[in-house]
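The sequence and structure are shown first.

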Amino acid sequence: MNPRSMKSMGIVRYIAFLTLFFASGLAFAYKDSVKVQKLKDKIKPISSTDVNSDDADILFLLETLKDKDIIATGEATHGSKEFFTMKHRLFRLLCEKGDVKVFGLEESYASGLLVNEYIHGSGNLKASDVVMKMSFMWRTKEMKDLIEWMKNYNDDISHKEKITFFGFDFHGPHHAVKLLYNYFQQTDTSFLASIKPFLKKFEEVTYPKEKISEKEFLENKSAINGIRNVLKNNKEKYEAAAGAEKWMEADHLLECLFQYSDAYKSGDVDFFKRDPYMSSNIKWMHGQKAGGNKMMLWAHNEHVASGGSLPSMGKLVKQEFGDKFYNIGFVFNQGEFTGTRQYKCSTLEAGIFSFKAAPAGSFSNIVS
């Protein structure tokens with residue numbers, strides 16, 4: 001699914017650095033005009049969203065982001081080409097001219113491991129195969145181009161520090177189960193035989209179709225904890241067979257399997273559980289990297305947002321990292337994008353959605 005280009009110059013052509021300002025005792029119209037002018041004063045034009053554009057128009061971001069550990073980039077839709085290509089530009093800049101070498105995506109941890117294997121030259125999949133293992137919104141030429149760029153960067157022997165790719169979501173447990181099969185096939189075939197009947201229930205699951213009863217959830221929780229205990233008790237043996245990194249990955253795959261079971265108990269995702277779990281996975285990954293490598297994240301605007309009353313991923317990560325966290329929202333003025341008309345993966349229907357220009361005076365209209 002290749003996202004259609006927005007037809008307006010309004011998409012990602014400007015970056016506005018915003019501060020909140022309040023005035024008391026002034027007429028609403030005056031306050032509004034003052035806010036608009038202050039917003040316009042902050043606008044910095046961006047010349048192009050094309051991946052191969054020169055970095056001159058976004059070099060100022062290096063100074064803005066130099067002291068940030070986690071840079072979260074959002075998007076108003078998952079199906080707009082320019083959001084994809086602009087983030088490619090930004091990560092390339094931060095990687096080549098900054099010191100950001102970790103890239104996190106709103107994708108399952110298991111699928112992220114497949115991508116990471118590819119960009120490090122291991123595994124048997126091609127870039128197109130890897131992309132098709134990801135969630136539907138990432139199965140695009142633009143994502144494939146980004147992943148291939150990461151591999152080319154890592155293949156360059158002059159780059160001593162390599163890029164790490166990870167997914168901080170937990171859906172699509174079928175990928176996690178297949179990776180766990182591979183792991184225990186290497187480390188403990190007899191134990192694999194004993195847990196396979198439990199893991200098999202997740203083999204074909206992408207998104208759940210039915211509610212999970214409290215009884216089944218508790219059974220899942222108990223089984224997952226039991227497998228993790230075996231991992232812990234046999235850590236030395238398993239690490240000797242497959243390495244310390246694979247042991248850590250297997251343990252976190254099981255953590256994500258539990259997160260999935262908990263967040264999808266109702267048959268649909270629970271926002272109040274999904275975002276806290278995603279933030280937990282980001283914090284966990286940050287802790288795994290020696291020296292706390294800086295990372296750039298990619299997710300929907302609603303996830304990277306750090307304000308409001310909802311427990312968004314961005315808000316929870318910011319509570320942990322404070323001023324070391326920075327989020328950038330991506331919006332558009334008008335145009336069209338590719339999306340799906342229904343959420344459940346079993347009934348996906350791709351479609352083109354068109355939008356007229358945003359209302360005069362709105363944020364999207366002003367920055368366009």
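## The second largest cavity

Helix H4 (109–119), helix H7 (173–187) and helix H11 (244–263) each contribute at least two residues to the lining of the second largest cavity. Helices here are DSSP runs (H or I, at least four residues), numbered from the N terminus. A cavity is a set of points, on a 1 Å grid over the protein atoms alone, where a 1.4 Å probe fits but cannot get out; lining residues have an atom within 4 Å of a point. The volume of this cavity, the space filled by probe spheres set on the points, is about 40 Å³. Its lining includes Tyr 109, Phe 170, His 171, Pro 173 and Cys 256.

The model is predicted: local features need pLDDT of at least 70 and side-chain atom pairs count only at pLDDT 80 or more, while totals for chains, interfaces and linings use all residues. Residues are numbered from 1 along each chain as its sequence is written, and side-chain values use heavy atoms, with hydrogens and water left out.

## Nonpolar cores

A nonpolar core is a set of buried Ala, Val, Leu, Ile, Met, Phe, Trp, Tyr and Cys residues joined through side-chain atoms within 4.5 Å. Buried means under 20% relative accessible area, exposed over 50%, and partly exposed in between (1.4 Å probe, protein chains only). Within the largest core, of 53 residues, Phe 184, Leu 199, Leu 297 and Met 313 touch the most other members. H11 supplies the largest share of this core, 9 residues. Apart from it lies another core, of 41 residues, among them Leu 65 and Phe 337.

## Salt bridges

A salt bridge is a side-chain nitrogen of Lys or Arg within 4 Å of a carboxyl oxygen of Asp or Glu; the count by this rule is 22. One of them joins Lys 246 to Glu 117, with the closest N and O atoms 3.2 Å apart. Lys 246 lies in helix H11 and Glu 117 in helix H4, so the pair ties together parts that are 129 residues apart in sequence. Lys 246 is partly exposed, at 30% relative accessible area, and Glu 117 is partly exposed at 24%.

Glu 214 and Lys 265 also meet in a salt bridge (3.5 Å, N to O). Glu 214 is in helix H9 (residues 214–233), and Lys 265 is in the loop between H11 and helix H12 (271–288), 51 residues apart.

Conventions: On a 1 Å grid over the protein atoms alone, a cavity is a set of points where a 1.4 Å probe fits but cannot get out, and a pocket is an open set with protein on both sides within 12 Å along at least five of seven lines; lining residues have an atom within 4 Å of a point.
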